[in-house]
Amino acid sequence: MNTPLNEIVLRPRFKLELPRTNTSVLKDFHDSKTSQSLFIVSTVDDHVFIKLPKEKQHFWSPQLHLEINEVDESNCLVRGLFGPSPTVWTMFMFFHFAVAMLFIVFSIWAYSNWALKTPYQTQIIGLVALTGIWFALYFAGRVSKFSNQTEMNALYAFMNSVCKA
């Protein structure tokens, strides 16, 4: 890969400026739908979505979302975002949100019991468990990103081959 992927985030991003018009790049991606069968390419306005065929996909398979914007008459800017399917990502974020909300509820409940001088061990155990669940979710995302590196590199290489055409 020419552009290094950010190692901290779960959904790496990149920018690439091309000495081509955005319409010519979008046309090349549109034409690649029929000229190859290794990837599924979808285009909507200035957006391109590249993913693996259904038979090669698994639960956390990455896809590449590109936004191709015109910079001037002869240059365009490609913004890329790797991530799982939008359905999987939404579910993943929902779990994070649910854990955060439960953490707040357990924190308030523990503080209330502490202020009333009643037992609050159950709430502390809940807070520890929720922290463990959050770490598990985070590391599941990291492991998935690491295990899908080959597929991400293939998506990036395909994108480069079409962009440089």
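## Strand pairing

Val48 stands opposite Leu66 in strand E4; strands, like helices, are DSSP runs numbered from the N terminus, with at least two residues (E) for a strand and at least four (H or I) for a helix. The model is predicted, with local features needing pLDDT of at least 70 and side-chain atom pairs counting only at pLDDT 80 or more, while totals for chains, interfaces and linings use all residues. Residues are numbered from 1 along each chain as its sequence is written, and side-chain values use heavy atoms, with hydrogens and water left out.

Strand E3 (residues 47–51) pairs with E4 (residues 63–72) in the antiparallel sense over five bridges, where pairing requires that DSSP find at least two bridges between two strands. Lys51 has Gln63 of E4 as its bridge partner. E4 is also joined by nine bridges to strand E5 (residues 75–83), again running antiparallel, and Leu64 is bridged to Phe82 of E5. E4 and E5 form a hairpin with two residues between them.

## The sheet

Five strands make up an open sheet in the order E1-E5-E4-E3-E2, with antiparallel pairing. Strands E1 (13–18) and E2 (40–44) lie at the edges with a single partner strand each, so one side of each has no neighbour in the sheet. On average, neighbouring strands are turned by 20° against each other, direction ignored.

## Helix packing

The axes of helix H2 (residues 86–115) and helix H3 (residues 121–147) come within 9 Å and cross at roughly 160°. Axes are lines fitted to C-alpha atoms, for helices over the stretch in contact, and angles run from 0 to 180 degrees between N-to-C directions. H2 and H3 are therefore roughly antiparallel to each other (an angle over 145 degrees).

The contact (heavy atoms within 4.5 Å) involves residues including Phe92, Phe95, Phe103 and Trp109 of H2 and Ile124, Leu127, Trp134 and Tyr138 of H3. Its residues divide into 15 nonpolar, eight polar and no charged; Ala, Val, Leu, Ile, Met, Phe, Trp, Tyr, Cys and Pro count as nonpolar, Asp, Glu, Lys and Arg as charged, and the others, Gly among them, as polar.

## Overall form

The protein contains four helices and five strands, following the pattern β-α-β-β-β-β-α-α-α along the sequence. Its radius of gyration is 22 Å, well over the 15 Å that the globule rule gives for 165 residues, so the protein is more spread out than a compact globule. This radius is taken over C-alpha atoms, and the rule is 2.2 Å times the number of residues to the power 0.38. The C-alpha trace spans about 70 × 35 × 25 Å along its principal axes.

Note on methods: Angles under 35 degrees count as roughly parallel, over 145 as roughly antiparallel, 65 to 115 as roughly perpendicular and the rest as oblique.
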